Amino acid sequence: MRTWAPPAALLATAGAGFVALLWLWLAGGGEVDVPWAPTLDLRLHLRLDGLAAMYALMATGVAVPVFLFAWRYLPHHLAEQGRSLREQPRFYALLGLFMVSMVGLALAQDLILLFLFWDLTAVASYLLIAYDRQDPEARRAALMALLVTAISAVALLIGTLLLYDRYGTFSLPELFRVAESSTTVTVAAALIALAALAKSAQVPFHFWLGRAMAAPTPVSAYLHSAAMVAAGVLLIGRVYPLLERSPVLLDALVVAGFASMLVGGVLALSRDDLKQVLAYSTFSQYGYVVFLYGLGGESGVGAAAFYVVTHAVAKCALFLTAGAVTRATGAQRLSELGGLGRRMPVVAAGSLACAATVASLPLTVGFFADELLFKAALERGWVFAAMALLIAVLTLAYMARFWTGLFLGAPRTEAGPVPAAMVAPVGALGAICLIAGLVPAPFAAIAQDAATPSLLAAVPVEARYYLDLRAENLLALATFALGALVYAAHRAVPAAAAAVARLGERLGPERAYTAGLAALNGLSDRVHDLEVRDFRGRVTAIFLPSGVLFALAFVLTPTLGAYAVGSFSLGDLPLVLMLGFAGCVAVAATRPRGHLTMVLTLGTVGFALAVVYALLGAPNVALVAVLVETIVALLFIGVLSLIPREVLRSQMRATRERRGTRFRDPAVGLVAGATVFVLVWGGLSRTGGEGDAAGRLTELAPEAHADNVVTAILADLRALDTLGEITVVAVALLGVTKLLRRGRLW
Amino acid sequence: MSSVVTRVVARMLLAPILVVAIAILVKGFTDVGDGFSAGVVAALGILLQYVTLGREEVERTLPVRLLPHAAFVALLGALAVALVPLLRGDPILTHYPPAGAEVTTVGKLELMTAVAFDAAVFVLVLGAVVGIVHAVARAYEEMETT
């Protein structure tokens, strides 16, 4: 295959998807609603409303520069690690899966469908983060991302089922219509919000996001700006009408969002690794969004939507900047870099616009995001405004540190050339940030539309410059002044921030995660040891307690009339004789003489019982018994031929010579046999009563078009059992081929 | 190796055994027998060939090579029979035509999905046994040569 084919195809898909979605959105949206399993109330319900349009456009739109970047990045990346270029298609396939599942998640209107896409994004991100699979750090990070997001996804499922149990529907629009403010709804919404917070890496789940930086740069860029992390916020926006019903939950969102903004901002200030700075910045920025959703109201939700779009564009470009810089210099730490402005002017200019957007400087689209944030916070009270101010200052400081650290000052490293395909996306995204800073109407329009499904009402989102001394403007000015101050003190600040970060590492939730994982591993090892130490021990562990329980049950059951002895006629003589024969052979089988003899005697018992079935008038059962005994005996002999003779003989000798088991084994056998005998006797004494399942099945058989009851039971009335049994047969075949032929079926 | 008489008799027995197996399968719903028994009978017929003629000759002269794979295809088929009703809004493993309705018959064979399910059981059992016999035989040969 040509190496350009997979990325080109993916690019075309992303571009076409973007254009199609944009066109559909401008045309007023669309809807698909197919009940694909009506008995389970499952519907394939996709709808392109404002919220869906925003996230789907982000997922496809951001994908274009990311894929373009990856096209140049990946061959170099693989060559650096000495891996084959053949691994490229896998990368693009996974990225494509990531994109598609994200679009599906944005469009889903049914909670189960949403859960499906939710987990699909988790799986795709797992495989992408662990793309450098020879690197144990990457594998660990991928597992962490998967565990944190997939375990919390269970909370989403539980919340979904709670709602279904109460209202009988998975459909979100219907739920919004019927759900009232009750404890059930609060608990369910809280569980869903929990899953969303874990996905968006909010405190206390933030640790996975920092680790996930082990992924290749395009993956990080995509995961942080438009996919995985955005999914959490998308879910909050999607189920917002449910969250809104309980003010407690909104307050919890404010707390979680503020904690994340603060922790993320401090950590971003303290980190030296480029991608780490950006990762914690993402986590802080999504804290903004959660905070805004928590503030609620028209301005809060509208600002949240606006924030997500601006962040997606800017953060994607910043990650690509980090990738381009590392490609050019080979360094990935702020302390090793500097003065690249002259060597990489386009990257510097593009990332300046984007960093300014994140830091909310005027003339970029980010400015309006902060204006909206301040407006929403002021509406709730000055405490919230102070919180917002604090965070905005932190953001400005770490963005300034990031950009000036890279592009200003004295050059510290040699910078090689970077392919145009890696530079152009940064420049283009930077240009978008600037243009939207002058003409913010498109961004405002999509944010306005995206806020509508969350509030179930039209929301005005206004983005324009006011040249007066209103509170928002004053707060923005304060941000710039304080931010510059914090940045000026940047020698002291990162040191303090690093101290906080170290404390967090020492006591933080990652420690709980590691300890939990270790404990689970230990438990699993112990259970494994208990279970597989030896076969005899395992059998004993299962059969002995259950045998004791059976015996107890018999002792405690009233016996009067439970054991009937029927009448005996001369016609039953053959039956009794045959049973006696079977018993004698069974006793003979206990005398060890050799493995082959044992197989044959056991087979004889089976054949004798088959005759008993035939005499009892059950030809079907008799036929199966004969056939099964034959084939089992033959296969047994075949398998015995695989074991060397000496081994078989020495095993036999060992059994005979083991003194201790001489009386124990027969005693155990006798007790077990007696118990089963009594059990069967008791069971047979009660036929024909109310619980006569056999009788009912016999009546049903003719209606199922069968004169043969047994076949009707196997293929129709109890077909699910049969399905399970034939699956066991297939698995047995797999097991045999695996053991004997290393998995080759032929 | 077995004597000429045994080999010839085994050869001659194969066709009748398979016919009996098919009969057991086809008549399963009206007479003694079902897919499982039919599968075991057919497998015994092929096992007889293995025992008397040896693995190599059997696999050269009879098209048994694809039977283990067919077992898994049959499992898929059974699953399809089980799940298709879901698409029509019925519980899984609902058979068509439904209880009490008229069934087209070809001789003793009734055309309904339960029979297809039974046929899948037949193929699966046959394929699984042949696969296991083949695996044991190959493992034995490998042990002999080393």
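Helices (H or I, at least four residues) and strands (E, at least two) are DSSP runs, numbered from the N terminus. This is a predicted model, in which local features need pLDDT of at least 70, side-chain atom pairs count only at pLDDT 80 or more, and totals for chains, interfaces and linings use all residues. Residues are numbered from 1 along each chain as its sequence is written, chains are lettered from A and ligands numbered from 1 in the order in which they are written, and side-chain values use heavy atoms, with hydrogens and water left out.

Start with the loop between helix 7 and helix 8 of chain A, where Ala201(A) sits. Ala201(A) has a positive phi of about 60° although it is not a glycine. At 0% relative accessibility, Ala201(A) is buried; buried means under 20% relative accessible area, exposed over 50%, and partly exposed in between (1.4 Å probe, protein chains only). The loop between helix 7 and helix 8 (207-211) also holds Pro204(A). The peptide bond from Val203(A) to Pro204(A) is cis, with omega near 5°.

Ser360(A) also has a positive phi, about 65°, and is not a glycine. Its loop runs between helix 15 (345-358) and helix 16 (366-380) of chain A. Ser360(A) counts as buried because its relative accessibility is 2%.

Now the helix packing. Two packed helices are described by the angle between their axes and the distance between the axes. In chain A, the axes of helix 7 (residues 183-199) and helix 10 (residues 228-238) come within 7 Å and cross at roughly 155°. Helix 7 of chain A is therefore roughly antiparallel to helix 10 of chain A. Axes here are lines fitted to C-alpha atoms, for helices over the stretch in contact, with angles from 0 to 180 degrees between N-to-C directions. Angles under 35 degrees count as roughly parallel, over 145 as roughly antiparallel, 65 to 115 as roughly perpendicular and the rest as oblique. The crossing of helix 7 and helix 10 of chain A is left-handed (the near helix is turned anticlockwise from the far one by less than a right angle; clockwise would be right-handed).

Next, charge pairs. Over all chains, the whole structure has 16 salt bridges (a side-chain nitrogen of Lys or Arg within 4 Å of a carboxyl oxygen of Asp or Glu). In chain B, Glu57(B) and Arg7(B) form one at 3.3 Å, N to O. This pair links distant parts of the chain, 50 residues apart: Glu57(B) is in helix 3 (residues 55-61) of chain B and Arg7(B) in helix 1 (residues 4-26) of chain B. Arg7(B) is partly exposed, at 25% relative accessibility.

Glu141(B) and Arg55(B) form another salt bridge, at 2.7 Å, N to O. Glu141(B) lies in helix 5 (residues 113-145) of chain B and Arg55(B) in helix 3 of chain B, so the pair ties together parts 86 residues apart in sequence. Glu141(B) is partly exposed at 28% relative accessibility, whereas Arg55(B) is buried at 11%. In chain A, salt bridges that share partners join Arg83(A), Glu87(A), Asp132(A) and Arg133(A) into one network.

The peptide bond from Tyr96(B) to Pro97(B) is cis, with omega near -5°. Pro97(B) lies in the loop between helix 4 (67-87) and strand 1 (105-106) of chain B.
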